[in-house]
Structure formats: C-alpha cells, structure tokens
Amino acid sequence: LIGVISVDDPVDGRRPQPESLQALEIFANQAAQAIENARVYRELRQRLLSLEEAHLRIEQAREELAEHSHKLEETVAQRTHELQERSEQLEQALERVKEADRLKSEFLAHMSHELRTPLNSTIGFSRVILNGIDGPITALQRTALTAINQSGEHLLGLINDILDMS
C-alpha cells in the first residue's frame with residue numbers, strides 16, 4: 001500500500017456523485033500505473049547501473065588481459081631471439097668442432113705415415129741383422145738389436161692403438 005484517497009466529505013457526510021467516483025477511479029488507476037512505472041523504472045535503472053559496473057569490470061579485465069598478452073608476446077619474442085642467437089652459436093661451435101676433427105684426422109694420417117715408415121724400417125733392419133744376413137753378430141750386438149727390435153715393436157703397437165682410438 002502506497003497511499004489512500006478519501007472521497008467522503010467529513011463535514012456533511014455526503015458521498016460523491018457516480019461521475020466523480022468514475023473520475024476518481026480513472027485517476028486511481030492512472031496513479032497506480034504511474035507508481036508501478038516508477039517502481040519498474042527504478043528497478044531498471046538499478047539493473048542498468050549493475051550492468052554498467054559489470055561492463056567496466058569486463059573492460060578492465062580485457063585491458064589487463066591485453067597488457068598481459070603484450071608482455072607475453074614480448075617475452076616470447078625475446079626468448080625466440082635468444083634461442084636463435086644460441087642456435088647460431090651452437091652451429092658455429094659445431095663447424096669449429098668439425099674443422100678440428102678434420103684437422104685431427106689429417107694430422108693423425110700424416111703423423112702415422114711419418115712415424116710408421118721410419119719405425120718399420122728400423123724394425124725391419126734390426127730383424128735382418130738379427131737373422132745374420134749381413135754376417136755374424138756378437139752377443140752384445142744381438143742384445144742391443146733385440147732391445148731395438150722389441151722397443152720398435154712396442155712403439156709401433158702404441159702408435160697403432162692411438163690411431164685405433166682416434
């Protein structure tokens with residue numbers, strides 16, 4: 001209940017005429033409709049304010065999300081750049097390792113030839129002399145030639161082992 005309209009005349013106690021009652025009834029209905037419209041308007045206004053607040057919160061969240069997205073994109077770009085640089089460094093290091101491996105193989109091939117050829121000659125000549133092809137040898141010479149032959153064989157074995165490991 002919002003209000004009451006009293007139509008009795010308290011002084012003489014007369015009741016209003018039917019035309020007046022009809023006009024008052026129309027007024028009462030219009031007043032009730034106006035009050036209802038005001039209530040609905042107030043409710044809609046509150047809902048609109050709530051929606052505007054929700055819209056603001058959504059807009060703020062969207063802006064924060066955009067900011068975080070931008071930061072993430074910057075971080076990804078930076079990390080991608082760092083990874084590219086690291087990849088290039090690794091490729092350069094791999095090229096240097098390949099070159100070092102090639103040089104090592106080349107060195108070992110030359111060193112093998114340079115060491116084996118004279119060593120095989122020394123071992124071969126010591127065997128020839130030990131077998132007495134050039135004539136008899138003394139016991140002291142045999143001992144020395146045997147040591148030379150064994151040391152040469154041992155050194156040749158070491159060289160072969162090193163080449164096998166490489």
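**View 1. Ser 126 in helix H1.** Ser 126 lies in helix H1 (helices are DSSP runs of H or I with at least four residues, numbered from the N terminus). The model is predicted, so local features need pLDDT of at least 70 and side-chain atom pairs count only at pLDDT 80 or more, while totals for chains, interfaces and linings use all residues. Residues are numbered from 1 along each chain as its sequence is written, and side-chain values use heavy atoms, with hydrogens and water left out. With a relative accessible area of 3%, Ser 126 is buried (buried means under 20% relative accessible area, exposed over 50%, partly exposed in between, with a 1.4 Å probe and protein chains only). Apart from neighbours within four places in sequence, Ser 126 is in contact with Leu 145, Ile 148 and Asn 149 (contact means heavy atoms within 4.5 Å).

**View 2. Ile 148 in helix H2.** Ile 148 belongs to helix H2. Ile 148 counts as partly exposed because its relative accessibility is 41%. Setting aside neighbours within four places in sequence, Ile 148 touches Thr 122 and Ser 126.

**View 3. Asn 149 in helix H2.** Helix H2 also holds Asn 149. Its relative accessibility is 12%, so Asn 149 counts as buried. The side chain of Asn 149 reaches the backbone oxygen of Ile 123 at 3.4 Å. Beyond neighbours within four places in sequence, the contacts of Asn 149 are Ile 123, Ser 126, Arg 127 and Leu 130.

**View 4. The packing of H1 and H2.** Helix H1 covers residues 18-130 and helix H2 residues 139-165; they pack at an angle of about 155°, their axes 9 Å apart. Axes are lines fitted to C-alpha atoms, for helices over the stretch in contact, and angles run from 0 to 180 degrees between N-to-C directions.

**View 5. Residues where H1 meets H2.** Among the H1 residues in this contact are Leu 115, Leu 119 and Ile 123, and the H2 residues include Leu 145, Gly 152 and Leu 156. The residues of the contact divide into 12 nonpolar, 8 polar and 4 charged (Ala, Val, Leu, Ile, Met, Phe, Trp, Tyr, Cys and Pro count as nonpolar, Asp, Glu, Lys and Arg as charged, and the others, Gly among them, as polar).

Methods. Helices (H or I, at least four residues) and strands (E, at least two) are DSSP runs, numbered from the N terminus. A polar contact is a pair of N or O atoms within 3.5 Å; within protein, one must be able to donate a hydrogen and the other to accept it, and residues adjacent in sequence count only if both atoms are side-chain atoms.
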